[in-house]
Amino acid sequence: MINPMDLSGKNIMVTGASAGIGKEIAIHLSSLGANIIMVARDEERLKETYNELEPGQHSYYLLDLTNLDEIGKMFDNICSDELKLSGLVHSAGISKTVPLQYLKTSDLNNIMTINFYSFIELVKHFSKRKNNDNGGSIVAISSISNKVGARGLTAYCASKGAIESAIRSLALELVAKKIRINSVAPGMIATRIYDGLRDVVNNEDFEADLIKRQIMGIGKPEDVANSVAFLLSAASGFITGTSIVVDGGYLAH
């Protein structure tokens, strides 16, 4: 039987692969046969992820995504006649809870650089013919925060909204290169970001109040990884320029 989710032999770059959703994505894609090129700035955590991958021709690359000029050099170092990329997943991202009166331009720049500007640079270099396997699929990890607001998360919400808007335009440009581009927009997922938000709120009713809206409870990183795998695979071959919402029913209200 043909498995449309099979990624055997596909070379897929995953940013933010050292922890949380990015780590789970890397592990899950390796279980589907993909060769994973992990990108993050924490080598020890990257090594931990590497050791959890299923057997394959995996590697990792150390990069701080705030150094936008280094992204092109990374592709030059990774890609060659022997290695072309079939997929790109931008999972790296940061969040900072800051009320408007204390929000600094430096906060905006830092969040936008990692969450959005680096994504555009990654897409630009992935789309060069020398770097991809005659096309491919790109997936960004967005958030339902691009549709709903949250107190103190102006910069984070703006960065995810920018991703969603850009993807629609990029889909129109990249189709001629046989490249699809989409996003996955999670609700609240059990990661370090969620733990940090819970600590900031410091309210015993926080999780109970959240579940009143996210009716299926708190999501798991593998819930997101499954949707990413779908968008990278042949099973989603007629899908581009859109987003899959993985929010446990949050937006159903």
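Visitor: In E6, which residue is the bridge partner of Ile141?

Guide: A word first: this is a predicted model, where local features need pLDDT of at least 70, side-chain atom pairs count only at pLDDT 80 or more, and totals for chains, interfaces and linings use all residues. Residues are numbered from 1 along each chain as its sequence is written, and side-chain values use heavy atoms, leaving out hydrogens and water. Strands are DSSP runs of at least two residues (E), numbered from the N terminus, and two of them pair if DSSP finds at least two bridges between them. E5 (residues 132–141) pairs with E6 in the parallel sense over six bridges, and the E6 partner of Ile141 is Val184.

Visitor: How many of the eight residues of E6 are buried?

Guide: Buried means under 20% relative accessible area, exposed over 50%, and partly exposed in between (1.4 Å probe, protein chains only). Ile179, Ile181, Ser183 and Ala185 point one way from E6, Arg180, Asn182, Val184 and Pro186 the other way, and all are buried. For E6 (residues 179–186), the count is eight of eight.

Visitor: Is Tyr117 buried or partly exposed?

Guide: Tyr117 forms a tilted aromatic pair with Phe116, at 5.9 Å centre to centre and 55 degrees between the planes. Such rings of Phe, Tyr and Trp (its six-membered ring) pair if their centres lie within 6.5 Å, with planes under 30 degrees apart stacked, over 60 edge-to-face and the rest tilted. Phe116 is buried at 14%, whereas Tyr117, because its relative accessibility is 37%, counts as partly exposed.

Technical notes. Helix = DSSP H or I, 4+ residues; strand = E, 2+ residues; numbered from the N terminus.
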